[in-house]
Amino acid sequence: MERHDGDLVFGLDIGTRNVVGTVGYKQDDEFFVIAQCNEEHETRSMLDGQIHDIGRVGRTIAKVRDTLEAQADVKLKDVCIAAAGRVLKTEEVRVDYEFPEERVVTSEDIHNLELMGVEEAQRKLNEENDTKFRFYCVGYSVVRYYLNDDPISNLESHKAEKITAEVIATFLPEDVVDGLYSAVGAADLEVANLTLEPIAAINVAIPEAFRLLNIALVDVGAGTSDISITKEGSIIAYGMIPHAGDEITELLVQHYLVDFKTAEHIKLTSTFSDKIVYQDIMMLEHEIPSKEVWELVAPTVDKITSEVASKIIELNGNQSVSACFVVGGGGKIHGFTQMLAEKLSLPCERVALRGEEVLQKVHFSQEEIKKDPLIVTPVGICLNYYDQTNNFIFVRFNGERMKLYDNNKLTIMDAAMQAGFPTDQLFPRRGKEINFTVNGKPRIARGGTGESAVVKLNGKQVSLSTPIYSNVEIEIIPSTEGSNAEYTIGDLQEYTKEDIAFVVNGRSVICPKFVEVNGSLEPASYEVKEGDRIELRNYYTVDQLRQFMDVEIDTEREILVNNVPEKLETLVYENFTVNWTVLGSQLHYDETEEAEAEATADNEEAEEAVVAEMANDLPSEIAPTIQQEKPEIKPEDTIAMTVTVNGNKIILTGRKDYMFVDIFEHIDFDVKQAHGRAVETLVNGETATYTQMLNEGDVITVRWVEN
């Protein structure tokens, strides 16, 4: 037999009772096995297809590897494996892809369509999954293709506007897959390909031509019986029942008082010999007829075949199949195929063991190997390596194993997306932004920029676009977030300076820039917060200026803005002149005459008091500066006046008459300590202005009011 070492495939059938290893190569449509061995587990380290003792199973695998390396004179590193259908879940989906315009379908188009189906099946399973387990896709089959909605056997090279695939995907829980990988790793091997045992078996037992028929394949192992169904050229369903050969063996253990290994010997010998010789645990030797064993196990075989038949009918749309093939050692027990035929309502010849008949194109260099049902699945695992419909790779992403659908273009970005790694943690992240409005228009203050994610492949720093392959270690350290945004009113482009000046009645009045935040006046140092509504003004209205100066003006007289008669709502901008008449004063400026100098001392004192009150009534950072020329005040007769302020009597002296503002010279009330609070002023219980005239005996209240 010609050697092809460069193309050798190493397959392992890790069963409940033993591990079968196969090494061979494919040439045309034939497969040549150059080495094969079978090693039983030391103890019951596997149950129902599930690994319970990873270390012991790993040691058994290592023995198989060592034997095969000696037989084939080759170093083995990569291995193909298959998982039993324990806790198997399947999903059937239909996916479409429409081209922008009619074009010829390529093999890559078909491959991408199939992967769309697998991804859709995974999404559907995730929605239905009500367990704590994560499920891995371990194989899929295309049930049917459609070309422009018409069924077709092969899409490639046809012109199409739309292609469709019906896909059936199979999934196993995370712990099953992880156990297999860990056991293989314990033997210093790496997984090159993972498939499902019924997929591996059907590729050998039911050739493509036979799949046009409605046929069931049952792989009866030690712990599980795996089932697959074909119809109209495709595999239409997979299933499993957790009952198989071990239940028969355990029955023999109890009945004949033997260990498990001896019970296996009794079971196997009963399939080809009339007499069985064995030794029980008391070291007593016995000889029994095989017929005795057949009669003993018949009820158990009846139970197993009943459940297998029930599962087949369920998977096949609640009807029986046309024929059933049986592979695996468990199916060789006497009466198995006959009972299964009865349960499926089929003639006995339509339910048969498949061994040598389906291995005609498989050749063994070891002459002692017999082509029987035990060999079908191990050979199928090797052949599955060449089947590109199961093209997956496994990688470790941030310490967790994950499976990717390989299109030969996979990058670290693909792995990150498949793992659900947050996209915003791949790229530099800005700190928290501030959203606010300025004069009704949205504005955003951006946060600082963070650092990019650190991406490593097998410990070496790389980029997100770096290609990946099977069994690599990927680590992504999330990107960092920049500092949160910080912004003040003074940072606004529109806020060029902090004050605004007007000329009122010939005097320069410097006022704070009129900035409101959420309806409250704020200074330039105010730190803007999320959702703030900022109204920025480079003007006052005449009425706002009047309110700011806290004066009462005679609205019956003309109000002049830049020597033009205006109204209270007129806008007043930087350096505009405003002339008005203050109530209680004869002071008035005509638009064609200069201001009269005959204003009374009373009104002069009133305006001085207003200016002083305005300066004291504002926080120091926005206090107005009012510059004015003080006319010479002639001495006048004065009076004394007694009033009550906050419950205390005080005497006002030194003036002819008195305004509210005069009381601040006699009480301990610092108006510079506002801290955002307002001052409430009352005279005899009524709200009063700072320029309100006082009378003998007035009761005055002045106090802080919290906003």
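Predicted model: local features only at pLDDT ≥ 70, side-chain atom pairs only at ≥ 80, totals over all residues.
**Exercise 1. Decide whether Thr 60 is buried or exposed, and list what Thr 60 touches beyond four places in sequence.**

Step 1. Thr 60 lies in helix H1, residues 54-72.

Step 2. The relative accessible area of Thr 60 is 2%. Buried means under 20%, so Thr 60 is buried.

Step 3. Not counting residues up to four places away in sequence, Thr 60 touches Val 19, Glu 39, Glu 40, His 41 and Glu 42.

**Exercise 2. Describe the surroundings of Ile 215.**

Step 1. Ile 215 is found in strand E12, residues 215-220. With a relative accessible area of 2%, Ile 215 is buried.

Step 2. Leaving aside neighbours within four places in sequence, the contacts of Ile 215 are Ile 206, Phe 210, Ser 228, Ile 229, Thr 230, Val 321, Ala 323 and Phe 325.

Step 3. Ile 235 is 20 residues from Ile 215 in sequence, and their C-alpha atoms are 9.4 Å apart in space.

**Exercise 3. Work out how helices H5 and H6 are arranged.**

Step 1. Two packed helices are described by the angle between their axes and the distance between the axes. For H5 (residues 245-256) and H6 (residues 260-269), the angle is about 110° and the axes are 8 Å apart.

Step 2. Angles from 65 to 115 degrees count as roughly perpendicular. H5 and H6 are therefore roughly perpendicular to each other.

Step 3. On the H5 side, the contact includes Ile 248, Leu 252, Val 253 and Tyr 256; on the H6 side, it includes Phe 260, Ala 263 and Ile 266. By class, the contact has 7 nonpolar, 2 polar and 4 charged residues.

**Exercise 4. Find where the buried residues of helix H11 lie around its axis.**

Step 1. In H11, residues 542-549, the buried residues are Val 542, Leu 545, Arg 546, Phe 548 and Met 549.

Step 2. Seen down the axis of H11, these residues fall within an arc of 165°, so they line one face of the helix.

Step 3. Asp 550 follows H11 and has a positive phi, near 55°.

**Exercise 5. State the phi values of Asp 73 and Asn 318, and say whether each residue is buried or exposed.**

Step 1. Most residues other than glycine have a negative phi. Asp 73 has a positive phi, near 55°, and Asn 318 has a positive phi of about 60°.

Step 2. Asp 73 is found in the loop between H1 and strand E6, and Asn 318 in the loop between H7 and strand E17.

Step 3. Exposed means over 50% relative accessible area. Asp 73, at 66%, counts as exposed; Asn 318, at 66%, also counts as exposed.

Notes:
Residues numbered from 1 in each chain as written. Heavy atoms only, no water. Axes fitted to C-alpha atoms, helices over the stretch in contact; angles between N-to-C directions. Helix = DSSP H or I, 4+ residues; strand = E, 2+ residues; numbered from the N terminus. Parallel < 35°, antiparallel > 145°, perpendicular 65-115°, else oblique. Contact = heavy atoms within 4.5 Å. Nonpolar A, V, L, I, M, F, W, Y, C, P; charged D, E, K, R; others polar. Buried < 20%, exposed > 50% of the residue type's maximum accessible area, 1.4 Å probe, protein only. Arc of directions from axis to C-beta.
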